[in-house]
Amino acid sequence: MRPRRLPLILPLALLPALIGCGTDAGPPPPPPLDKAAMAAVIDKPGVGRERLARAVDALFAAPETSETRALLVLKDGRIVAERYGPGYHENTRFVSWSMAKTVTAVMIGMLVSDGRLRLDESVPVPAWQRPGDPRGEITLRQLLQMRSGLRHTEAEGAPYLTDTARMLFLDGRDDMAAYAEAQPLEAEPGVKWEYSSATTVILSDLAARTLTDSGDPSERRRVVQDYLRTRIFEPLGMKSMIPEFDAAGTLIGGSLIHGTARDWARFGEFLRNKGAVKGAQLLPPAWIEFMTAPSPRNPGYGAHTWLNRAQAEDGHIEWPGAPTSTFSMNGHLGQYVTVSPEQGVTVVRLGKTDEGKHEPVRAAVARIIQLFPKEGAK
């Protein structure tokens with residue numbers, strides 16, 4: 001009996017396994033980038049151009065990063081990547097939302113540097129000066145570190161019941177400082193950390209009261225606007241900036257300053273350079289160090305600035321994988337100016353991402369930062 005021969009035609013199901021046998025194909029190559037993605041990055045950005053272009057493109061193309069409208073990457077003060085979404089460009093003014101808080105903190109720092117306010121003295125809010133009022137013990141440091149103890153509800157429960165919405169849009173909108181300063185204590189000053197836009201409005205009111213004795217809204221608006229323009233915006237070259245004021249002439253310093261992405265990048269660079277611009281020291285470096293040092297009740301927050309450390313409330317890290325020294329200005333709906341001093345990098349991301357969905361955006365920004373080596377490293 002003759003031995004059986006194997007069939008000449010193998011089952012089709014076995015062909016893929018045999019073809020791949022003995023080879024190491026690896027993952028498929030990434031798809032080619034379109035011209036717009038590559039054009040967003042300069043020829044020699046200091047890291048692999050295509051890698052940076054892909055990291056930037058992820059913030060525009062990936063659905064989980066939602067609607068990115070502007071993205072800038074600066075290395076040692078030079079723009080190495082810049083891209084805008086449809087309908088936006090380099091002259092578009094973007095609303096700050098809570099990024100304005102950091103601008104307000106810098107303005108307060110300049111008033112402290114001028115000797116017109118003191119960090120560890122109780123703040124001169126007239127409504128708190130009655131004998132026995134415990135709010136009279138609140139210091140400027142505690143306001144800046146969001147631990148005043150005032151009963152301010154930022155974002156819990158129905159939106160129309162939060163102090164933020166009531167102050168900005170409802171019964172507090174005509175005199176936001178009066179609304180914010182009228183709230184009682186819910187904790188001893190200095191003991192509890194609680195993020196609050198109303199707190200920043202109190203600081204804005206303090207700035208106006210420090211700069212003028214007038215209660216006239218137009219005068220209050222004029223002196224604060226002039227101070228911002230002459231001490232911050234013009235020296236930094238931030239020509240697009242438009243701050244908003246309420247009907248009482250108080251800067252809405254926790255929420256509403258408008259500027260181009262490039263001007264927001266200039267402010268980030270000012271912070272990265274510890275208050276210096278083109279060799280001129282506009283603010284003592286110690287103030288920027290104070291703003292970017294962990295506060296006593298939340299290691300993830302400094303003085304009106306977010307830090308890349310575990311947040312007291314839930315332990316999350318803002319910029320995973322980026323150096324611990326990274327800090328940022330954060331705004332509602334995913335506005336970010338993120339600074340890594342160790343790498344000489346500033347990243348601006350502006351757009352619209354719903355609350356509770358910011359983690360992928362922050363992770364994508366952190367991946368851009370991670371592309372750059374620490375200064376001094378090979």
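Colleague: Which element supplies the largest share of the lining of the second largest pocket?
Modeller: Helix 10, with 6 residues. Keep in mind that this is a predicted model.

Colleague: Which elements each supply at least two residues there?
Modeller: Strand 1 (67-75), helix 10 (261-272) and strand 6 (276-277) each supply at least two residues of the lining of the second largest pocket.

Colleague: What volume does the second largest pocket have?
Modeller: About 320 Å³. The lining consists of 15 residues, and those closest to the centre are Leu74, Gly77, Leu236, Arg266 and Glu269.

Colleague: How does that lining split by class?
Modeller: The second largest pocket is lined by 8 nonpolar, 2 polar and 5 charged residues.

Colleague: And the largest pocket, how much space lies in that?
Modeller: About 1,200 Å³. There are 38 lining residues, with Glu154, Ala155, Tyr195, His332 and Glu355 the closest to the centre of the largest pocket.

Colleague: Which helix gives the largest share of that lining?
Modeller: Helix 6, which contributes 4 residues to the lining of the largest pocket. At least two residues each come from helix 6 (163-169), strand 9 (327-331) and helix 12 (359-370).

Colleague: Which residues line the largest cavity?
Modeller: The lining is made of Met146, Arg147, Ser148, Gly149, Leu150, His152, Glu186, Lys192, Glu194, Ser196 and Thr199. By class, that gives 5 polar, 4 charged and 2 nonpolar residues.

Colleague: Is Met146 buried or exposed?
Modeller: Met146 counts as buried because its relative accessibility is 1%, and the cut-off for buried is under 20%.

Colleague: Where is Asp76, and what about its phi?
Modeller: Asp76 is in the loop between strand 1 and strand 2 (78-84). Its phi is positive, about 55°, although Asp76 is not a glycine. With a relative accessible area of 45%, Asp76 is partly exposed.

Colleague: Changing topic: at roughly what angle do helix 4 and helix 8 cross?
Modeller: Roughly 35°, and the axes of helix 4 (residues 100-113) and helix 8 come within 10 Å. The crossing of helix 4 and helix 8 is left-handed.

Colleague: Which residues make the contact?
Modeller: From helix 4, the residues are Lys101, Thr104, Met107, Ile108 and Leu111. From helix 8, they are Ser197, Thr200, Leu203, Ser204, Ala207, Thr210 and Leu211. By class, the contact of helix 4 with helix 8 has 6 nonpolar, 5 polar and 1 charged residues.

Colleague: Why does Thr210 count as buried?
Modeller: Because the relative accessible area of Thr210 is 19%, and buried means under 20%. Thr210 lies in helix 8 (residues 197-211). Leaving out residues up to four places away in sequence, Thr210 touches Leu111, Arg116 and Leu117.

Colleague: Back to strand 1. What does Val73 touch?
Modeller: Val73, which is in strand 1, has a list of contacts beyond four places in sequence that includes Val56, Ile79, Val80, Thr346, Val347, Ile368 and Phe372. Val73 is buried, with a relative accessible area of 0%.

Colleague: Last one, where does Thr326 lie?
Modeller: In the loop between strand 8 (306-307) and strand 9. Thr326 is buried, with a relative accessible area of 1%.

Key. Residues numbered from 1 in each chain as written. Predicted model: local features only at pLDDT ≥ 70, side-chain atom pairs only at ≥ 80, totals over all residues. Heavy atoms only, no water. 1 Å grid on protein atoms, 1.4 Å probe; cavity = no way out; pocket = protein on both sides within 12 Å on 5 of 7 lines; lining within 4 Å. Points joined across faces, edges and corners; volume = space filled by probe spheres on them. Nonpolar A, V, L, I, M, F, W, Y, C, P; charged D, E, K, R; others polar. Buried < 20%, exposed > 50% of the residue type's maximum accessible area, 1.4 Å probe, protein only. Contact = heavy atoms within 4.5 Å. Axes fitted to C-alpha atoms, helices over the stretch in contact; angles between N-to-C directions. Left-handed = near helix turned anticlockwise from the far one by under 90°.
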